[in-house]
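Student: I've got this model open and I'd like a close look at one helix. Could you walk me through it, and then show me how to read a few other spots in the same way?

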Amino acid sequence: MKESSQKKTRFRWVVMLIIFITYMIAGADRANISVVIPYFQKEFELSNTDIGAMASLFYIGYAIIQIPSGFIYSKFGTRKIFTFSMIVTSVATFFIGTASSALQLKIGRVLLGIAEGPLPVGIISTINRWFPGKEKGTATGIYMSAMKFAPAIVPPLCAYIIYAFGWREVFYIFAIPGILFALFWLWLVKDNPEESPYCSKEEREYIKSEEHSNIDVKIKKNKKRYSMKWVDKLIRAKKIDSLDTTKKIFLSWNIWGCTLGYFFMVGIVYAIMTWIPTYLVDVKKYSIMEMGFVASAPWIGAILGNLIGGWLSDNIFDKRRKPLMIVTAASTIFSMYALLYAPNNPMFLSILLIITGILLNLGYSTFLAYPMGITSKEKLPLAASIVNTGGSLGGAFAPFVVGLILDKFNWDMVFTFLSASSLITFILLFTIIEPREKIESMVEKEGYEKVSF
């Protein structure tokens, strides 16, 4: 095919659409277990601790593969490895549906975690190569919203499949889309824009441009630029050199502080994903269909929170990631506590869960966008894999702890535990810096009109 250089394309947004759908499918494959839990418990006689352990096994497998996948992507590229990972994800999903014992369920969950583990690092690497700096926060927000879109549609869809067929059919049906979109990825998503026949020369040049480039400075000259001196002081903004070696990344407290914060925030998200359907059935006494629709509420809010947060990070906070990370951690402390007094009315509870989802996810995607501002492009897969490993371990930790709490205490203790987790994240965020590009000082000399913020 002749290179489409006659006009400026926007093929990066086609890539973003494929990322969104593919990761939504992966999210559905991991989220469907939350709706099927009551049927697992009945058929295999499992305790809450058993269920928590089974949910955690996914994230243990997920965490194990993170850093190795970062090295593999860095060496071999994204396209074929990502495709293979997505196909194996579908195979593991199908296997869970065939399980005839609790042991087979647990093996299936570990395999699913190992299969899905490379996906986020591959996606972050793809975003980093396919989007200019000024769009990376927005793109990351869209990508993260895909994971939240999945549990927004999974509960009612699973409820219908269970009602019409049975719990095993949930896994058989969910295994199909992943294979189809793995093939779409192999066909359309190249490792670099330069390799794609659908990406014009003009678009490739736009992707390569950064906000501090001479071209971009001329375009943005005389536009209003908000002065955030007080914000920068609060978030400890500093102009730094990129981490460009493996040693620098492993010795960076900024990477590890972000990783620990992400550990607790992912733990909260996946504790909610795993246990809210059970909470609605056991505590609120909702029917399977009522549960299906109310359980979607926090994920509707999550979609909005991720998209709004990504846009705010890029356009209002000028690629500053920490402000929204701090807002999310602070607000989640109180929203988790508020769930202690959640109303029984499905409509009111849905509204509360939507608000909770928005607040929890305003800064959620920026934890993964944070390494983009502190590492070189070549070392980003490694840094992203470290942060995502922390998140994966948090996803393994929190659902299991919730199961232990439920077997010994009650849901009040669960929400107190989740609130405390967010408080720890809030404290951790003030120990890491907000990376700012050294070139920013040159841009400021080019004649921006500054406005107090």
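Tutor: Let's take helix H6, which is mostly covered: 25 of its 32 residues are buried. Keep in mind that this is a predicted model. H6 runs over residues 133–164, and at 1.5 Å a residue it should span 46 Å; the C-alpha atoms at its ends are 47 Å apart, so the two values agree. Now look along the helix for a kink. You'll find one of about 35 degrees at Val 154, shortly before the proline Pro 155. After H6 comes Gly 166, and its phi is positive, near 160 degrees.

What about cover? Of the 34 residues in H1, 26 are buried, so the helix is largely enclosed by the rest of the structure.

Next, check what follows H1: that's Glu 45, with a positive phi near 55 degrees. Glu 45 has this positive phi although it is not a glycine. You'll find Glu 45 in the loop between H1 (11–44) and helix H2 (48–76). Is Glu 45 buried or exposed? Its relative accessibility is 70%, and the cut-off for exposed is over 50%, so Glu 45 counts as exposed.

Lys 285 is another one to click on. Its phi is near 60 degrees, again a positive value in a residue other than glycine. Lys 285 sits in the loop between helix H12 (253–282) and helix H13 (288–294). With 62% relative accessibility, Lys 285 counts as exposed.

Phe 71, Phe 250, Trp 253, Trp 256 and Leu 260 make a nonpolar surface patch of about 450 Å². Which helix gives the most to this patch? It's H12, with three residues. Trp 256 lies in H12, and because its relative accessible area is 32%, Trp 256 is partly exposed.

Asn 388 lies in H18, and with a relative accessible area of 4% it is buried. Buried means under 20%, so you can see why Asn 388 gets that label at 4%. What does Asn 388 touch, leaving out residues up to four places away in sequence? Its contacts are Tyr 62, Gln 66, Pro 120, Tyr 262 and Leu 368.

Phe 397 is also found in H18, which covers residues 380–408. Phe 397 counts as partly exposed, at 37% relative accessibility. Apart from residues up to four places away in sequence, Phe 397 touches Phe 263 and Phe 417. If you want a sense of scale, pick Phe 397 and Lys 201: they are 196 residues apart along the chain, and their C-alpha atoms are separated by 46 Å.

To come back to your helix: H6 has that kink of about 35 degrees at Val 154, and 25 of its 32 residues are buried.

Notes: Residues numbered from 1 in each chain as written. Predicted model: local features only at pLDDT ≥ 70, side-chain atom pairs only at ≥ 80, totals over all residues. Heavy atoms only, no water. Helix = DSSP H or I, 4+ residues; strand = E, 2+ residues; numbered from the N terminus. Expected span 1.5 Å × (residues − 1). Bend = angle between axes of the 7 residues up to and from the residue. Buried < 20%, exposed > 50% of the residue type's maximum accessible area, 1.4 Å probe, protein only. Contact = heavy atoms within 4.5 Å. Patch = residues over 30% accessible without salt bridge, like charges linked within 9 Å, V, L, I, M, F, W, Y side chains within 5 Å. Areas by Shrake-Rupley, 256 points an atom, 1.4 Å probe, with all protein chains shown as cover. Salt bridge = Lys/Arg side-chain N within 4 Å of Asp/Glu carboxyl O.
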